Amino acid sequence: MRSLRTGSTLASRVTGALTGALTGALTGVALLGGLLLPAPAAHAADAPLRDLADAKGKVIGTAVTGSRLTGTYGEIAAREFNALTPGNAMKWGSVEPTRGSFDWAEADRIVDFAEANGQQVRGHTLVWHSQNPNWLTNGTWTAAELRQLMTDHIATEVGRYRGRLATWDVVNEPFNEDGTYRQTLWYNGLGADYIAEALTAARAADPSAELYINDYNVEGVNAKSTALYNLVRDLKARGVPIDGVGLQAHLILGQVPSTLQQNIQRFADLGVDVAITELDIRMNLPSDSGKLAQQAAEYKQVVNACVAVDRCVGVTVWGFTDSDSWIPDTFPGQGAATPYDENYAPKPAYYAIAEALGGTTTPPADACTATYSIVNQWNTGFTGQVRIACDGAALSSWKVDWTYGAGQRITQAWNATCNQLGAAVTCSNASYNGTVPDGGSVTFGFNGTWSGSNPVPVVTLG
């Protein structure tokens, strides 16, 4: 949908009353505990995203600006993605700015680049309320004229790329937030059936292309997505050609819908494919390591939801680099929404996508560590703590394990959930402290009993 830039309750803490000797500390090294995210630009996934996606039979795509498909931008676009979406180049206002006068240069450049690099193309978009040419928007048309303009446009553009594009977003953003139809040139002039007419025209122009309806704020189960669901169900019942539903997924940090996978599945159960078509996750600027770690966990959540549903064909990010993102211009003070920063360095989100697609990453040695220490000790008891710290990586969740060697028993813990079975202890993060950003740390504590000796155990973070 959206344009790319064109230039552009803690537990109480109880400690012993008697002070004892501090007996030391021992460190353990994390190996992919929860979600371990290497620091940007220092390490790579074990394979390009497109290879990981291919192995799962999924699409991993990106929207691109055709004129930038050279140098580092072009190299990343070709190496990491198996599908491209033109950010602006196929919109009506771009291809036919003057009635009867067409400019296909930018669109052709993207299609040619994709074909040269073994990538599929998602056509975007044919019938939309926005980014139309002035002559169309400001014209006075009868219903018959408007219908002819729409169907001719579809025939011309889809016909030009017949057999070359895998998918078309035929109708974009037809609904309001309450599930009513958006008042647009098309709806006002032709009624709700403009959608069926557009889909039918697109099928005639290229029988091999998959035809989608695409919209935003339809990622979770809500009034808008239910209206879209009902429309697709009705179109299927009428025999109108509809192959898929696009969930744009322009998301805000901390607001990924909890019903995302459920929603994907209900559309799939209608017998259509589903795609995440325009994924980005924006945050208030400036970004920091904590926000980037949370963003990574949410990228992984979205991709996991798609991977979990057979008929979710894949995920497209709306621009892979912050230097080509629409967010800062449209939402001042927000940004950092894509998997790469403005200097083409992969962010934690990139590695999270790789992990969701079944890949692994190579974190720095000793990037995250767990340090056990005894901070207070008396005749029968002690207070201990474990500090988890990261330098060169980040965690979205954590768990530590150790085995006591002298019969010690934990009696109470805070800032973690701890369980002990015999000598073996496992502690995991509380609901509020799972994230450990690069350069940050969290600490949890516990009380215990001892007798005879209280040696420091070996701790592993895993």
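The axes of helices α1 and α13 come within 9 Å of each other and cross at roughly 25 degrees. That angle makes α1 roughly parallel to α13, going by a scheme in which angles under 35 degrees count as roughly parallel, over 145 as roughly antiparallel, 65 to 115 as roughly perpendicular and the rest as oblique. The axes here are lines fitted to C-alpha atoms, for helices over the stretch in contact, with angles running from 0 to 180 degrees between N-to-C directions.

A word on the ground rules. This is a predicted model, where local features need pLDDT of at least 70 and side-chain atom pairs count only at pLDDT 80 or more, while totals for chains, interfaces and linings use all residues. Residues are numbered from 1 along each chain as its sequence is written, and side-chain values use heavy atoms, with hydrogens and water left out. Helices (H or I, at least four residues) and strands (E, at least two) are DSSP runs, numbered from the N terminus.

**Around α1**

α1 passes α13 in a left-handed crossing; left-handed means that the near helix is turned anticlockwise from the far one by less than a right angle, and right-handed that it is turned clockwise. On the α1 side, L49, L52 and K56 meet Y350, I353, A354 and A356 of α13, contact being heavy atoms within 4.5 Å. By class, that contact has six nonpolar, no polar and one charged residues. For the sorting, Ala, Val, Leu, Ile, Met, Phe, Trp, Tyr, Cys and Pro are nonpolar, Asp, Glu, Lys and Arg are charged, and the others, Gly among them, are polar.

Which residues of α1 are buried? In this helix, which spans residues 49-56, they are L49, R50, L52 and A53, where buried means under 20% relative accessible area, exposed over 50% and partly exposed in between (1.4 Å probe, protein chains only). Looking down the axis of α1, these buried residues fall within an arc of 160 degrees, so they line one face of the helix; the arc is that of the directions from the helix axis to the C-beta atoms. As background, an α-helix has 3.6 residues a turn, so residues three or four places apart point the same way. The buried residues of α1 pack against β3 (59-64) and α2 (71-80) as well as α13 (348-356). Just after α1 comes G57, with a positive phi of about 70 degrees.

| Helix pair | Axis distance | Crossing angle |
|---|---|---|
| α8 (194-205) and α9 (223-238) | within 11 Å | roughly 55 degrees |
| α10 (260-268) and α11 | 9 Å | about 30 degrees |

The angle in the α8 pair makes α8 oblique to α9, and α8 passes α9 in a right-handed crossing. I195, A196 and L199 of α8 make the contact with L231, L235 and R238 of α9. Those residues divide into five nonpolar, no polar and one charged.

For the other pair, the angle makes α10 roughly parallel to α11, and the crossing is right-handed. L260, Q261 and I264 in α10 meet V302, A305 and C306 in α11.

Most residues other than glycine have a negative phi, and most peptide bonds are trans. So what goes against that here?

A cis peptide bond joins H124 and T125, with omega at about -5 degrees, and T125 sits in strand β5 (residues 120-127). Another cis bond joins L285 and P286, with omega about 5 degrees; P286 lies in the loop between β10 (273-284) and α11 (289-307).

Q131 is not a glycine, yet has a positive phi of about 50 degrees. Its place is the loop between β5 and α5 (134-137), and at 28% relative accessibility Q131 counts as partly exposed. E173 has a positive phi too, near 55 degrees. E173 is in the loop between β6 (167-172) and α7 (185-190) and is buried, with a relative accessible area of 1%.

**L126 and its neighbours**

Back in strand β5 we find L126, which counts as buried at 1% relative accessibility. What does L126 touch, not counting residues up to four places away in sequence? The list is W92, H153, I154, E157, V158, W168, D169 and V170. The C-alpha atoms of L126 and M150 are separated by 8.7 Å, with the two residues 24 apart along the chain.
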